[in-house]
Amino acid sequence: MNDVLVTPGERVALNLRFKGARTYLHGTDMVDEMARLAPGLTDLSLRIQKIATKPLAAVLLPDAIVGRKELVALLNARRGGEKIALGLLERDDGGVPGRYAYDEERVIAGAAVDADGRAARMAWNGEYSFVEQLVALHKALLQRCFASAGVHWYFTRLDIARLPASFGTLSLEVTQALGVSLVRSAIAIDDEALGDIYFSGVKQ
């Protein structure tokens, strides 16, 4: 697809598939698709508000028909100096069109996680997008940091200055934890602060 969202209220049906063995649409694919539909974004602030198990549509807000509570995800950002808001909502016209293979261990091959589970780093892996590498590394970090917690981790929030096209070293450091219900980690690219990523843990 070559769609680019320009007009408030404009909608584009997405063809996101399940990632690997997951039974819900993954936040990494949501971010990559929103970035494709609204290129050149800066000062991004994403909230994933609910688990999506149906096909999605993207909408450029405001949209008089869509309430914020209906949204699966909400992205506030700047494009060309102007503030924009992009939402994702579930559609009822059919099911998710299948799934695709995804090896999360391969994404972070060569990554290093500190013994105390407070920090991690990795070099650029050109087979995957920035956000896929970021989320996979954060999951590995939290699995080490909270090894005994027995939780399933969900990517729920992202606040970053930009989406890097590449990096030398991606670094993460856990900076705040409300138990496992919400964990924040600082993101750095080549030792330069980029923003924060948040996961929520659900007891298995």
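The questions and answers below concern a predicted model.

Reader: Which element supplies the largest share of the lining of the largest pocket?

Author: The largest pocket, with a volume of about 270 Å³, is lined by 20 residues. Helix H1 (27–37), helix H3 (130–145) and strand E10 (151–160) each supply at least two residues of that lining. The largest share, five residues, comes from E10.

Reader: How do the residues of this lining divide into nonpolar, polar and charged?

Author: Nearest the centre of the pocket lie Tyr 24, His 26, Trp 153, Tyr 154 and Phe 155. Over the lining of the largest pocket, the residues divide into 11 nonpolar, five polar and four charged.

Reader: Why is the pair of Tyr 102 and Tyr 128 edge-to-face?

Author: The count comes to six aromatic pairs. In the pair of Tyr 102 and Tyr 128 the ring centres are 6.1 Å apart. Planes over 60 degrees apart count as edge-to-face. The planes of these two rings stand at 85°, so the pair is edge-to-face.

Reader: Is Tyr 102 buried or exposed?

Author: Lys 19 lies over the face of Tyr 102, at 4.4 Å from the ring centre. Buried means under 20% relative accessible area. Tyr 102 has a relative accessible area of 16%, so Tyr 102 is buried.

Reader: What is the class of the pair of Phe 146 and Trp 153?

Author: Both Phe 146 and Trp 153 are buried. Their ring centres are 5.5 Å apart and their planes are at 50°, so the pair is tilted.

How values were computed. Residues numbered from 1 in each chain as written. Predicted model: local features only at pLDDT ≥ 70, side-chain atom pairs only at ≥ 80, totals over all residues. Heavy atoms only, no water. 1 Å grid on protein atoms, 1.4 Å probe; cavity = no way out; pocket = protein on both sides within 12 Å on 5 of 7 lines; lining within 4 Å. Points joined across faces, edges and corners; volume = space filled by probe spheres on them. Helix = DSSP H or I, 4+ residues; strand = E, 2+ residues; numbered from the N terminus. Nonpolar A, V, L, I, M, F, W, Y, C, P; charged D, E, K, R; others polar. Phe/Tyr/Trp six-rings, centres within 6.5 Å; stacked < 30°, edge-to-face > 60°. Buried < 20%, exposed > 50% of the residue type's maximum accessible area, 1.4 Å probe, protein only. Lys NZ or Arg CZ within 6 Å of the ring centre and 35° of its normal.
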